Amino acid sequence: MWREYERTATTAMDAYVSPIVQRFAHTLATGLNERAMSGWHALMKSNGGQVPLEHSADRPIELVLSGLAGGMMGGGYWARAVGSEKAVTLDMGGTSADVGVVVDGQLQYTGLFEVEWGVPIAVPIIDVSTIGAGGSSLAYVGNDGLLHVGPASAGADPGPVCYGRGGTQPTVTDANLVMGRLHPDHFLGGELTLDAERAGTAVAELADSLELGVDAAAEAVLTLAVENMAGAVRLVTVDRGHDYREFDLVAFGGAGPLHAAAIARHMRMRRVIVPPTPGLVSAFGTIISDQRVDRRMTAVRRLDAPEATDLAGILARLAREAHAELAAQRRADATGDIVVTTYVSCRYVGQNYEQEIRTYRGHLDRSYESLLPASPDDPDLDRRLVEMFHASHARVYGYDLPEQAVQSVYVGATALLAGGEVRFVPYTRTTPNPRISTRRVQVGEGVWADTAVVDREELQPGYTLNGPAIVEEPNSTTFVPPGYRMEVDGTYCLIIEAVKGLGENLDTGADT
């Protein structure tokens, strides 16, 4: 790949993680064999594809961001399942919030990512923005006298103050507990009892530092956490030329559904989609992912010069190489065909960054499926690439430069082998008449209200509930604020939308 610094950093990082991945893969394979666990064994790659366990150490750098990729693949699946063509995926766990974007039903990819200390990794990965905003993010008053939430985190050990494991600084989870949005006896399905008294004491100390009441301090912690995550949403939408107001928000992870409606309201997004078992969406995304192989190489050519005529041949060669590599790794029980996609990364001459233009998609061992008017056999490929780049540039940036020369920077090929068909098994305790309890919850700034509480595993498709409401399940909690309505989709996803006038007559008692 062109750009020597990024390539060097990637090579060094690959060498650094190689022995770690080799040991891990060997230990995992040995353990599976000792337990007689036969079948398909694979790891997740940062590009959203699976790689067989025995090949995982070939290019270990491709695994560096695999955890994030699993969540994005799962979020993308549920966006498509409910028919959302434009969606932002939010995976909020204990220490971080990972945000990706789905456009036209497809996750977006990038060829460059920076890890700790700004080290660039030049491999194809799912385009995701990560910030330090999770349930364990610490809330504190900085040297500037202002409230901060994250990126410092209490982690899982000692964790939030309410875990009772030695944490002393309040966290986002402590604030949610103080506001009544988490039940101390129902966290993780009751496996962990939260200490509400300790959480209240920690938030009260923070409130004293801010010269606020406890309720106001807890609300401030969540407001700032929401603003931090809204900033991440802007990074993957506005910075890529998208209007986030046209997008749905797919929220998952243990903490995502608890804050999703507030983020959507703050940014005027269309609706919130909460997948089934939100805390397990990353694992689900990993399991359903395709096998995938990426090949890229530098090919700097001015597309208006005779030198560009060799691009078609380079693309065809890369496609064959990617196809051959994936064919050698093919899982034994796969029944589909390997599908190859090629692309050319283009820019205007003089620009620093480029855009990938897809050229064709099809079966190498069968006929090509022309999804765009450019194929490897097209004698006019260079001119068509120029036309498509102008259109892409105008779509992303709002303008194009038709008189400016266009050049390619690198070309690539992606080979995919589809995973097995997903057979969805619904919740087993659903009932037409789920049990509804109530508890007092802080639903807004200084506002407490009686709030409906239901068990998600009892909810059938078609069930609706007006906010304020809380939906509890073992691995996550969903909060539906006043003015919003929740409906259970046919996929068992929760669809949360604002309804005009719905929260105007909220009975808040004497707590306002």
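Me: How many nonpolar, polar and charged residues are in the lining of the second largest pocket?
Reply: This is a predicted model. Sorted by class, the lining of the second largest pocket holds two charged residues. The others divide into 10 nonpolar and 15 polar residues.

Me: What is the volume of the second largest pocket, and which residues are closest to its centre?
Reply: The volume of the second largest pocket is about 490 Å³. The pocket is lined by 27 residues, and those closest to its centre are Tyr163, Thr173, Phe187, Gly254 and Ala255.

Me: Which helix gives the most to the lining of the second largest pocket?
Reply: Four elements each supply at least two residues of this lining: helix H3 (172-178), helix H6 (256-267), strand E23 (469-473) and strand E24 (476-480). With three residues, the one that gives the most is H3.

Me: Is Val123 buried or exposed?
Reply: Val123 lies in the loop between strand E8 (120-121) and strand E9 (125-126). Its relative accessibility is 9%. Because the cut-off for buried is under 20%, Val123 counts as buried.

Me: How far apart in space are Val123 and Ile61?
Reply: In sequence, Val123 and Ile61 are 62 residues apart. From C-alpha to C-alpha, their separation in space is 8.0 Å.

Me: Which residues form a nonpolar patch on the surface with Leu401?
Reply: Leu401 sits in the loop between helix H9 (381-397) and strand E19 (406-417). Leu401 counts as partly exposed because its relative accessibility is 37%. The patch has about 320 Å² of accessible area in total, and the residues that form it with Leu401 are Tyr397 and Tyr399.

Notes:
Residues numbered from 1 in each chain as written. Predicted model: local features only at pLDDT ≥ 70, side-chain atom pairs only at ≥ 80, totals over all residues. Heavy atoms only, no water. Patch = residues over 30% accessible without salt bridge, like charges linked within 9 Å, V, L, I, M, F, W, Y side chains within 5 Å. Areas by Shrake-Rupley, 256 points an atom, 1.4 Å probe, with all protein chains shown as cover. Salt bridge = Lys/Arg side-chain N within 4 Å of Asp/Glu carboxyl O. Buried < 20%, exposed > 50% of the residue type's maximum accessible area, 1.4 Å probe, protein only. 1 Å grid on protein atoms, 1.4 Å probe; cavity = no way out; pocket = protein on both sides within 12 Å on 5 of 7 lines; lining within 4 Å. Points joined across faces, edges and corners; volume = space filled by probe spheres on them. Nonpolar A, V, L, I, M, F, W, Y, C, P; charged D, E, K, R; others polar.
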